[in-house]
Amino acid sequence: MSGPESTAISQLNSRWAETQATQPTHRFFSAAASRRRAGSVENLARTVSAGDLLRLLPSCGTLPSLRALHARLLTHTQGLLLGSLRASTKLLSCYASLGDLASARMVFDTTPRPDAYSYGVMLRCLVDAGRHADAVALHQDMRQRRPCPEAQDDFVLSLALKACVRSAEYGYGRRLHCDAVKAGGGDGFVMNSLIDMYAKAGDLECARKMFERIPDRNVVSWTSMLSGCVQNGFAADGLLLFNEMRRETLLDMYVKCGEVEDARHVFDELSYVDIVLWTTMIVGYTQNGKPLDALHLFLDKKFASIVPNSVTMATVLSASAQLRDLSLGRSIHGIAVKLGVADYDVVVNALVDMYAKCQAVSEANRIFGRILNKDVVTWNSMIAGYAENNMGDDALMLFKQMRLQGAPPDSTSVVNALSASVCLGDLLIGKSFHSYAVKRAFLSNVYVNTALLNLYSKCADLPSARRVFDEMNDRNSVTWCAMIGGYGMQGDSAGSIDLFNEMLKDGVHPNDVAFTSILSTCSHTGMVTAGKKYFDSMAQHFNITPSMKHYACMVDVLARAGNLEQALEFIDKMPKQADVSVWGAFLHGCRLHSRLQFGEEAIKRMMVLHPERPDLYVLISNLYTSYGMWEKSLAIRKWMQEKGLVKLPGCSSIGHENG
């Protein structure tokens, strides 16, 4: 045998002899144990296959055992095994982990075509050993042999930049910055390394520019920038930066804790706002159900000089989706295209979600179809879109396609599939996804359990719903509300109220949805006194301002029970003008108790207040229709046409909550 393998064996034998000569004689038992381990690995290596030899490499805990196995690999099938990149990289990694820099470099130098991972392992070995100039030289070699995209790998770049800083090779570091820009900007590690490099080079202007471009600054980013200020004689700037860091940490904490009002107070006190702080506040509003506030901040002229990034655009698209505002969403889509961020993964996923939630499923599907590399978030956005638009069959077909294309579903995928099963009213399919969730160990996820609970409740299998609920280790307010609503849908008012009280005893603060569920239960079961008590307790005991949905529920409680005079008095005392859902609940009670004249009077009052509202005329037309008064109903419709009062098509909320 000749060539690199022969040389390698010779070098290994020499290093083995050196190791034995320097072994401490006074550590007899330790040395003996090492020899036994090396001997056992070497003996085992003589009896196993080539593939098994490679799998033995990580088990070598000492250099002697590793060298023995290396020698066996070189002689096995004339050393052809080590011609593979996988084997060489594995061996290189083992030498590096045991601190044998010379052997690691020898393996690397005899590797014919090392890839980015091999270079990364060797670079890490050199940097950790303080051989920074050698690390820079190695990366220069990599740029020549494998210019892109491997030389622009984020892990490799961050190591090379670190070596540039330690060896003061700032000129080469600037060239690496160009490589990072060509590769798309680099990740957080690369950007932090660039900040450190420019700060050490005394170029604080470039360091600050890099600092401001990092979308998710961490303590390393701040420390690099602070150190740069201090090292370059700008202590006052460093102090200001330190105070800024403290405020941004505070802002981030309030946002993550859902305290957006406190976060906004901190935000308004900032002397300087950049893209990161601005986006953080927009994200805070959007994630905490305040999409209008998010959009107002996005459109605030005070921040017109800040150019939105992909995270900003994805967030305001999410806000548009929450508002179900298709026109606004399309406008933001256009801005994203102009800014050149429309093809970023986070923006594409947000676009699919926005169009689907705004009932523009064909547009969502068109964007989805153009995505070549779909991740699990992309699939989930489209599946959820189908489920939300009552296209359960399409949602389940897409779930199947996702699995066939090798994308493993996550817990969110299962939640979406369960929602599609509810949409179809198919308990059998839902149960199959329950089994799938068990197999994939998703039942520890509170959202999966809540979706299962919702499935069984909506499909009238209350015992199964309660079993899921009782077996949950982690429950949130949504879970409690789903179970309370399940009892309410089945007419079990006692079960619903008992569970609501149990939730309070468990220390769970009820949200607005919980009160919607309990008020709906009271209306369906005629519990007027209980309904009044729960409605009053919202503001008095739980600091929840009733929404129009709660007012509609309370009117429904009174009207269904025949207390129409009380219901009308309640509407008159409302702190805001009643909308169609409130009047719809009132008229529903009029129909139930055959109080046509009372309903007519209410409609006339509404028409005086809102003569331009076509949906009010539709309400009285429907009221006449329900009593078989066709001529009056048609007369209303004809008059609407003459006045140009056309009700836009869409889903009405009347009856869904209260019917």
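Helices here are DSSP runs of H or I with at least four residues, numbered from the N terminus. With that numbering, Ser594 falls in the loop between α34 (580-592) and α35 (596-609). The model is a predicted one.

Ser594 is not a glycine, yet its phi is positive, at about 55 degrees. Is Ser594 buried or exposed? Its relative accessible area is 55%, and exposed means over 50%, so Ser594 counts as exposed.

Arg324 also has a positive phi without being glycine; its value is near 55 degrees. Arg324 sits in the loop between α18 (310-323) and α19. Its relative accessibility is 46%, so Arg324 counts as partly exposed.

## The overall fold

The protein has 37 helices and 0 strands. It has 659 residues, and 48% of them count as buried. The accessible surface comes to about 32,900 Å². Carbon and sulfur atoms hold 53% of that surface.

Contacts tell about reach along the chain. Among contacts with a separation of 6 or more, 60% join residues 24 or more positions apart.

Residues 274-308 are 63% helix and 0% strand, and their end C-alpha atoms lie 10 Å apart. Residues 375-409 are 74% helix and 0% strand, with end C-alpha atoms 10 Å apart.

## Inside the protein

Which residues have the most contacts inside the largest nonpolar core? They are Phe267, Trp278, Val582, Trp583 and Phe586. This core has 137 residues. Helix α32 (residues 548-560) gives the largest share of the core, with 9 residues.

Phe586 shows what such a position touches. Neighbours within four places in sequence are left aside here. Phe586 is then in contact with Val555, Ala559, Leu564, Ala567, Leu568, Ile571, Phe598 and Ala602.

Another core lies apart from the largest one. This other core has 56 residues, including Leu56, Leu126, Val190 and Leu194.

Val307, Ile335 and Leu339 make a nonpolar surface patch of about 230 Å². Leu339 belongs to helix α19 (residues 326-339). Leu339 has 33% relative accessibility, so it counts as partly exposed.

## Charged pairs

Side chains of opposite charge can pair when their charged atoms come close. The structure holds 15 salt bridges.

| Pair | N to O distance | Residues apart |
|---|---|---|
| Asp100 and Arg67 | 2.7 Å | 33 residues |
| Arg124 and Asp128 | 3.9 Å | 4 residues |
| Arg466 and Asp470 | 2.9 Å | 4 residues |

The salt bridge between Asp100 and Arg67 has an N to O distance of 2.7 Å. This pair links distant parts of the chain. Asp100 lies in the loop between α5 (85-97) and α6 (101-109), while Arg67 lies in helix α4 (residues 63-75). Are these two residues buried or exposed? Both Asp100 and Arg67 are buried.

Arg124 and Asp128 share helix α7 (residues 116-128), about one turn of the helix apart. Which exposure class does each fall into? Arg124 has 35% relative accessibility, so it counts as partly exposed. Asp128 has 56% relative accessibility, so it counts as exposed.

Arg466 and Asp470 both lie in helix α27 (residues 462-471), about one turn of the helix apart. Arg466 is partly exposed because its relative accessible area is 22%. Asp470 is partly exposed because its relative accessible area is 45%. Which residues join in a network of salt bridges here? Arg466, Asp470 and Glu502 are linked in one.

Key
Residues are numbered from 1 along each chain as its sequence is written. This is a predicted model: local features need pLDDT of at least 70, side-chain atom pairs count only at pLDDT 80 or more; totals for chains, interfaces and linings use all residues. Side-chain values use heavy atoms; hydrogens and water are left out. A salt bridge is a side-chain nitrogen of Lys or Arg within 4 Å of a carboxyl oxygen of Asp or Glu. Helices (H or I, at least four residues) and strands (E, at least two) are DSSP runs, numbered from the N terminus. Buried means under 20% relative accessible area, exposed over 50%, partly exposed in between (1.4 Å probe, protein chains only). Contact means heavy atoms within 4.5 Å. Accessible areas come from the Shrake-Rupley method with a 1.4 Å probe; for residues, only the protein chains shown count as cover. A nonpolar core is a set of buried Ala, Val, Leu, Ile, Met, Phe, Trp, Tyr and Cys residues joined through side-chain atoms within 4.5 Å. Patches are made of residues with over 30% relative accessible area and no salt bridge: like charges are joined within 9 Å, nonpolar side chains (Val, Leu, Ile, Met, Phe, Trp, Tyr) within 5 Å.
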